[in-house]
Amino acid sequence: MSAKVIPAPGGPATYREEAQPRMGFFTDTTVCIGCKACEVACKEWNQVPDDNQGFTGESYDNSGALGANRWRHVAFIEQRKPLGVTEAAPDSLVQEAALQGLVADAGIETAADGGMRWLMSSDVCKHCTNAACLDVCPTGALFRTEYETVVVQEDVCNGCGYCVVACPFGVLDQREEDGRVWKCTLCYDRLKDDLEPACAKACPTNSIQFGELTDLRERAAQRVESLHERGVEDARLYGADSDDGVGGFGAFFLLLDEPETYGLPPEPVVTTRDLPGIWRTTALAAAALGAGIVAAFAGGRR
């Protein structure tokens, strides 16, 4: 993969005549049915190695989490809360019936005043506006494409792992076989051929929506407003605010609970935000130390 890019650390790059509208994902978790078609499609198209984790006994989820060998992950969050089509699955009687049927078949004891609510969300790399992974990569393996998505060039990655610890979401991961980092590319190769990313193409409920980011944000705001009007007060957007700690996500979400419930940080901040100030302070301290040493030597000669 390659692109002619004038780097802009952490933020969007300038592509001049190659620049394209910013593309991204809007994941509406209220209509996710947990089928994991997105996980399968991502693996098939990108030839991501199999890494089936199996059931842990803590959840019906059998794929664990995002990693170098899983670029899409559908989380299952089980909650004991009052169930109803309006609250648990605002747009899908089929989903509501399926969830209730699974609860009954499994013999799960539900709460006296309600039942088992399953929140499902297909997680992915956020393709941050201000991306710490780009800031710390020493080889240029990570770059921002003309669609303002963030991609790893596996043939340039040296496996240093700096980006792994810099990511505020814990998305980036190294493969044990060679130590290189792998993550969602937002199907950069498909975008260049005017094709929809594999996960969005495979999603049967349109939970994963792909398009120009400005259009997706407008659509998402209307969706939240509609849900609030129908009494779903917990509906909120995560990552759609360009004034947040990472400048907004290129892949944002509509959630039905607090971000922590989904294993997401409530107020993510680009981890390299304070680096300029730290370097300035370090430089001043070094200068002061050097001046002190010079003064000490000068005083000693007298």
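Predicted model: local features only at pLDDT ≥ 70, side-chain atom pairs only at ≥ 80, totals over all residues.

User: Fine. How many salt bridges does the structure hold?

Analyst: The general idea is that side chains of opposite charge can pair when their charged atoms come close. In this structure there are 9 salt bridges.

User: Which residues are linked in a network of salt bridges?

Analyst: Lys36, Glu39, Asp61 and Arg70 are. Take Glu39 as your way in. Its side chain meets that of Lys36, N to O, at 3.0 Å, and Arg70 also bridges to Glu39, with the closest N and O atoms 2.6 Å apart.

User: Where do Arg70 and Glu39 lie?

Analyst: Glu39 sits in helix α1, while Arg70 is in the loop between α1 (37–46) and β2 (73–81), so this pair ties together parts 31 residues apart in sequence.

User: And are these residues buried or exposed?

Analyst: Compare the relative accessible area with the cut-off: under 20% is buried. Lys36 comes out at 12%, so it is buried. Glu39 has 5% relative accessibility and is buried too, and Arg70, at 6%, also counts as buried.

User: What does Lys126 meet in a salt bridge?

Analyst: Asp123: the two side chains come to 3.0 Å, N to O. Both Lys126 and Asp123 are buried.

User: What about a polar contact? Which side chain does Thr129 contact?

Analyst: That of Arg22, at 2.8 Å. To place Thr129, look in the loop between β3 (115–123) and α4 (132–136). With 11% relative accessibility, Thr129 is buried.

User: Now the strand. How many residues of β10 are buried?

Analyst: For a strand, check the residues one by one, then each face. In β10 (residues 251–255), 5 of the 5 residues are buried, so the strand is largely enclosed by the rest of the structure. On one side you find Ala251, Phe253 and Leu255, and on the other Phe252 and Leu254, so both faces are covered.

User: Which strands are joined to β10, and do they run parallel or antiparallel?

Analyst: Strand β1 (residues 23–28) runs parallel to β10, joined by 4 bridges. Strand β9 (residues 236–238) runs antiparallel to β10, with 3 bridges.

User: Which residues stand opposite each other there?

Analyst: Asp28 faces Leu254 of β10, and Tyr238 stands opposite Phe253 in β10.

Conventions:
Residues numbered from 1 in each chain as written. Heavy atoms only, no water. Salt bridge = Lys/Arg side-chain N within 4 Å of Asp/Glu carboxyl O. Buried < 20%, exposed > 50% of the residue type's maximum accessible area, 1.4 Å probe, protein only. Helix = DSSP H or I, 4+ residues; strand = E, 2+ residues; numbered from the N terminus. Polar contact = N/O pair within 3.5 Å; in protein donor to acceptor, adjacent residues only side chain to side chain. Pairing = 2+ DSSP bridges.
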